[in-house]
Amino acid sequence: MASFEEFEGEFDASEYVERLASTVDGGGSKGGADTFDPRTLCDVFEKTIKELTALDEKMQGRINKLEELCGKEQEQHKQKSRELESTFKTASSLFQELDDRINYVATKVVHLGDQLEGINVPRSRAIEAQELMKYFDEFASGKHISTVFSDQFRIHEAANIIQKLSLIAQELPSERFETVKKKIKDCHDKVEVALIEEFEEAHHQGNVSGMRECAETLLPFKGYSQCIDSFIKQSQKGQFLSSDVFKDVIPLCERVHNIVNKVFGNNAEVVMGKLVQNIHEDVLKKHVDSTLRNYGSDKEQSLKNLQILYERSKKLGEKLSGYKLGSDSNFLERLRKNLFGEYLSSYIKTEVTFLSEKSAAILEKYYHFINHEKRDRPTGASLLSTEISKRIPLRMHANSMESTKENTLLSQDVAVSLLQENKMALKRCELLSSPSDIAANGVEIYLKLLYHLCIEHIDYAINVTLQAIPSAEPKSPPEGLFFKVSEQANAIFHLFEKHFTDCVIGLVASSPVYADCVRKKKEVMGMMESKLDSGIDRILASMSGWIKNILSTEQKKSDFRPEEHGVGLVERTSACAKTCEFIYSQLTFIRESMDGKNLESVLTEFGTRIHRQVFEHLQQFQYTSIGGMVAICDISEYRSIMKKFEIPLLVKLFDKLYSLTNLLVVQPENLKQVCSEEQLATLDKAVLQQFVQLRVDYRTAKLSKHFM
């Protein structure tokens, strides 16, 4: 039997039919395929259809009944809503009527109040005038019937009366009322003093309400400012007991601020401003003057103290800016300028003088340490001989790298000290200079570094060592000291440039003096770089000249034209050995003295000059076949040492030179073939022929025909 429960949830017709068929014997599933009976299945389907039809009719009846019920309830709700709407309209109308009536009554009450006030104000004034006339009459007659001026508990009432009497007395002619005016003034002063004393007593007792009452009463009196001064003076008593008065200011202001707001009300900002001003002009001023008592005598300590005090004052100002101190936005800045005004006016002069003295002292200490007597400018033969005589014993006893560094007259430690002093001076300049003077003062400080570090230290060392460089035709082996000077100067240059970027640009970049500052720096740097380039060129020329000297004095013509019967083992000549020994010593020194691109550049130039000297030297001799072998041995030695330079260009140059020397020993019939090989193919035929002409058999073997 079909039921409503079977159709709850999602319904699938196909699934329902399959499920129905599976429950019937002979339906295909139950009983197996062999028992399938279509008639039975058809009967079951027809029966189920009838049941579903009956179920549908039953469901439709329920739906009709529910629709009828919903329709009745809907009509009931509509009726109730209409009734509520009518009630709301009635209530709204009544409220509007009530509001209009209330407004009418309020208007009448206000009008009545204005009329009463209009009647009461003149009446009150008349009563007050009558009272004042009574008190005035007492002062005029000298008979004080009222006790208001003698009762200390009515002091505030007396103050109000005497203040008004005082204003009235000021309008009266002095001829008739001189006596009474004097009495009123005396009483006025007496009451004023009593109020101030009462205020002080309340302050001493911590009675905030009493203080507020006295302050409000004193407001129209001239003594109101005395009341504020008394408050400020009492508030500071016993507060500044530590050595660091700056640390005591904020706790005092925090404690006083709460009281000020309660006591002085609308005038709290003025009182706080006067408190802060008093602290600056009295307490802080005494502390600053005491700390900077001997300002300028010890410039370094004075500048450090001034910086510390100014920084403390600036930080204090930042904290105090959290309080309302009046309408002047520059109030704290003006107080700080007044506090340090006399010291800031001469600051830059003191700073520059100290920086000059300190920098000079650092340099003097260094030169004294290395036992060097510094001259104003290294010129003349006498200075050269003095430097050489000093350098020789130092070199003989130099057992460490440090002594070698001292001979350069340059020190990174000195440079760092000068840079550090300049950095601290620039920091003080940024802090202590006015905004309009920061850039100009910063440039003035930087120029001191430019003078003492670049001119008095680097340029001086360059000039001294330049004078000590031997000529291009030296009489003794030249030293490569200038290489060390160049490398140390470049290292100091990097520190100098970093200092300019980190410390100077920020102060002067946006000012008109920036361009002039950069120009002066470039001029000095350019001058020193030019001298360094000149010195490198001169020392390389001197080293090249010494190689030429070795070759010219040690090389003999017989080295390349030996007697045939006396020839033993072919080996390098003594000239080559001494030259290689000198080259290797210089290579070692250069590597120890320089690095990076500077090292590569110097070694390239040095090797190129060696190649030129050797090439020109070889062309001064005639070569037998054995002599050619000797020359090949020499060039092989030069090639070996050139490989230690680790410069590809130099290796290539000496490889070609080695190939050229092979032309001195090659068989005449193979000469043309050798000239066309890779190393020599790119060379001009004139160069090849020039080299072949050095052979003793050039004419006899008719070698010129190979270059026709």
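## Helix α11 against α14

Helices α11 and α14 are roughly antiparallel to each other, a description that follows because angles over 145 degrees are counted in that class and the axes of α11 and helix α14 (residues 412–432) cross at roughly 170°. In this predicted model, the two axes come within 10 Å.

On the α11 side, the residues that meet α14 are Y347, E351, F354, L355, K358, S359, I362, L363 and Y366, and their counterparts in α14 are V414, S417, L418, E421, N422, A425, R428, C429 and L432. Sorted by class, the contact of α11 with α14 contains 11 nonpolar, three polar and four charged residues.

## Helix α9 against α11

Helix α11, which spans residues 347–369, also packs with helix α9, residues 299–320, their axes coming within 9 Å and crossing at roughly 135°. That angle makes α9 oblique to α11, and the crossing in which α9 passes α11 is left-handed.

From α9, the contact draws on K299, E300, L303 and L306, while α11 contributes Y347, T350, E351, T353, F354, E357 and K358. The residues of this contact divide into four nonpolar, two polar and five charged. Y347, E351, F354 and K358 of α11 take part in this contact and are also listed among the residues of α11 that meet α14.

## Overall make-up and the nonpolar core

The protein chain contains 24 helices and zero strands, and of its 708 residues 39% count as buried. Among contacts in the chain with a separation of 6 or more, 75% are accounted for by residues 24 or more positions apart.

In soluble globular proteins, nonpolar side chains tend to be buried together. Here the largest nonpolar core has 167 residues, and the members that touch the most others are F264 and F645. The largest share of this core, 16 residues, comes from helix α15, which covers residues 438–468. When residues up to four places away in sequence are not counted, F264 touches F199, A215, Y224, C227, I228, F231 and V271.

The C-alpha atoms of N267 and L219 are separated by 9.8 Å, although the two residues are 48 residues apart along the chain.

## Positive phi at two loop residues

N371 has a positive phi of about 60° although it is not a glycine, and its position is in the loop between α11 and α12 (380–396). Is N371 buried or exposed? With a relative accessible area of 64%, N371 is exposed, because that class begins over 50%.

E646, likewise a residue other than glycine, has a positive phi near 60°. E646 is placed in the loop between α20 (625–643) and α21 (648–662), and with a relative accessible area of 61% this residue is exposed.

Notes
Residues are numbered from 1 along each chain as its sequence is written. This is a predicted model: local features need pLDDT of at least 70, side-chain atom pairs count only at pLDDT 80 or more; totals for chains, interfaces and linings use all residues. Side-chain values use heavy atoms; hydrogens and water are left out. Axes are lines fitted to C-alpha atoms, for helices over the stretch in contact, and angles run from 0 to 180 degrees between N-to-C directions. Helices (H or I, at least four residues) and strands (E, at least two) are DSSP runs, numbered from the N terminus. Angles under 35 degrees count as roughly parallel, over 145 as roughly antiparallel, 65 to 115 as roughly perpendicular and the rest as oblique. A crossing is left-handed if the near helix is turned anticlockwise from the far one by less than a right angle, and right-handed if clockwise. Contact means heavy atoms within 4.5 Å. Ala, Val, Leu, Ile, Met, Phe, Trp, Tyr, Cys and Pro count as nonpolar, Asp, Glu, Lys and Arg as charged, and the others, Gly among them, as polar. A nonpolar core is a set of buried Ala, Val, Leu, Ile, Met, Phe, Trp, Tyr and Cys residues joined through side-chain atoms within 4.5 Å. Buried means under 20% relative accessible area, exposed over 50%, partly exposed in between (1.4 Å probe, protein chains only).
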